[in-house]
Amino acid sequence: MERTNDSTSTEFFLVGLSAHPKLQTVFFVLILWMYMMILLGNGVLISVIIFDSHLHTTMYFFLCNLSFLDVCFTSSSVPLILASFLAVKKKVSFSGCMVQMFISFAMGATECMLLGMMALDRYVAICYPLRYPVFMSKGAYVAMAAGSWVTGLVDSVVQTAFAMQLPFCANNVINHFVCEILAILKLACADISINVISMTGSNLIVLVIPLLVISISYIFIVATILRIPSTEGKHKAFSTCSAHLTVVIIFYGTIFFMYAKPESKASVDSGNEDIIEALISLFYGVMTPMLNPLIYSLRNKDVKAAVKNILCRKNFSDGK
């Protein structure tokens, strides 16, 4: 691990799994394969939703946004992760680090908001089915998606701007695979109270509030489903929510572990703990985007039918 002698660092060095060279090879192959699956799975899902007119609905509009987010999120970090496994000196410039951190944080925050909007969509669809076309008009759901994007981008601008104001002095070794904001804050040689307060506010806006919206929505959804007299009706209603609920559990389970409690610089005392946090972050950043298209396609008859129709049309055109 190298450190600069300058008063302020102009570059960082990523530690990752440098202490475990054998694991680096295994993780490189594994993450590369997962990244290919992310691009393939989400790319297919986006294409199917765009080209099949039957899927031009509110739920699939949000799902298309979610898949695009997953592609952007992983593309902002996975290439850096793979390069860090191959390079002898895992070096990244200060500006490059900030750009990568900005994109990753923006995509993550936007996804939190978007999952909350998707819960509201399911709530209206199941609890108020007759009023659904009125409440969830095109103008409404486009505004909801746009609001999610704007919130995520603005939040990331604020957090990145605060992080860029910090001096990093001689300590420029990041105990992480990428330029993750909490790992960056631990390197600052100045008071980070403002950053901690800002991150707490960010947690409230993009983590707690969407999670409350999701929780309250599903309380009403479950109550409505239990009042449906037929077993078939209950199963059909629940099947429209099960994929979203599965994604929420996986996504929030990992992201809450990382961001729910911002740590101060003084709390850093264990390299092993940093590596564990980095591995959990890796799971959140790669595994979840890979599982999303599988969860939504395998548990969704409309998506599977749309894929079959596209393949049939392609085979028919090739036959001509």
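1. The side chains of Asn292 and Asp70 make a polar contact at 2.7 Å; the term denotes a pair of N or O atoms within 3.5 Å, where within protein one must be able to donate a hydrogen and the other to accept it, and residues adjacent in sequence count only if both atoms are side-chain atoms. Asn292 belongs to helix H9 (residues 271-298). With a relative accessible area of 3%, Asn292 is buried (under 20% relative accessible area is buried, over 50% exposed, and partly exposed in between, with a 1.4 Å probe and protein chains only). Neighbours within four places in sequence aside, Asn292 is in contact with Leu66, Asp70, Glu111 and Val247, contact being heavy atoms within 4.5 Å.

2. On the basis of the analysis: this is a predicted model, in which local features need pLDDT of at least 70 and side-chain atom pairs count only at pLDDT 80 or more, while totals for chains, interfaces and linings use all residues. Residues are numbered from 1 along each chain as its sequence is written, and side-chain values use heavy atoms, with hydrogens and water left out.

3. On the overall fold: the chain contains ten helices and three strands, these being DSSP runs numbered from the N terminus (helices H or I, at least four residues; strands E, at least two). Their order along the sequence is β-α-α-β-α-α-α-β-α-α-α-α-α. Of the 320 residues in the chain, 47% are buried. Among contacts with a separation of 6 or more, 83% are between residues 24 or more positions apart.

4. On the sheet: three strands form an open sheet with mixed pairing, in the order E2-E1-E3; two strands pair if DSSP finds at least two bridges between them. Strand E2 (91-93) and E3 stand at the edges with a single partner strand each, so one side of each has no neighbour in the sheet. H3 packs on the sheet and touches E1, E2 and E3, its direction making about 85° with that of E2 (axes are lines fitted to C-alpha atoms, for helices over the stretch in contact, and angles run from 0 to 180 degrees between N-to-C directions).

5. Phe13 is opposite Lys91 in E2, and Glu11 is opposite Ser93 in E2. E1 and E3, by contrast, run parallel and are joined by two bridges, with Leu14 opposite Ile174 in E3.

6. On aromatic pairs: the structure holds ten of them, counted where rings of Phe, Tyr and Trp (its six-membered ring) have centres within 6.5 Å; planes under 30 degrees apart are stacked, over 60 edge-to-face and the rest tilted. The ring centres of Phe12 and Phe168 are 5.4 Å apart and the planes stand at 85°, so this pair is edge-to-face. Because Phe12 lies in strand E1 (residues 11-14) and Phe168 in the loop between helix H5 (138-164) and strand E3 (173-174), the pair ties together parts 156 residues apart in sequence. Phe12 and Phe168 are both buried.

7. Phe168 also pairs with Phe94: the centres lie 6.0 Å apart with planes at 55°, so the pair is tilted. Phe94 is in helix H3 (residues 94-127) and Phe168 in the loop between H5 and E3, so that distant parts of the chain, 74 residues apart, are linked. The relative accessible area of Phe94 is 19%, and Phe94 is buried; Phe168 is buried at 0%. Elsewhere, ring pairs link Tyr123, Tyr128, Phe135 and Phe220 into a cluster.

8. Thr25, in helix H1 (residues 21-51), is exposed at 53% relative accessibility; the C-alpha atoms of Thr25 and Leu82, 57 residues apart along the chain, are separated by 9.9 Å.

9. On the record: the unreviewed UniProt entry lists "transmembrane region" for residues 26-51, 57-87, 99-120, 140-162, 174-198, 204-226, 238-259 and 279-298; positions are given in the numbering used here, feature names are shortened, and annotations may be inferred rather than shown by experiment. In the model, residues 26-51 are 100% helix and 0% strand, with end C-alpha atoms 38 Å apart. Residues 99-120 are likewise 100% helix and 0% strand, and their end C-alpha atoms lie 32 Å apart.
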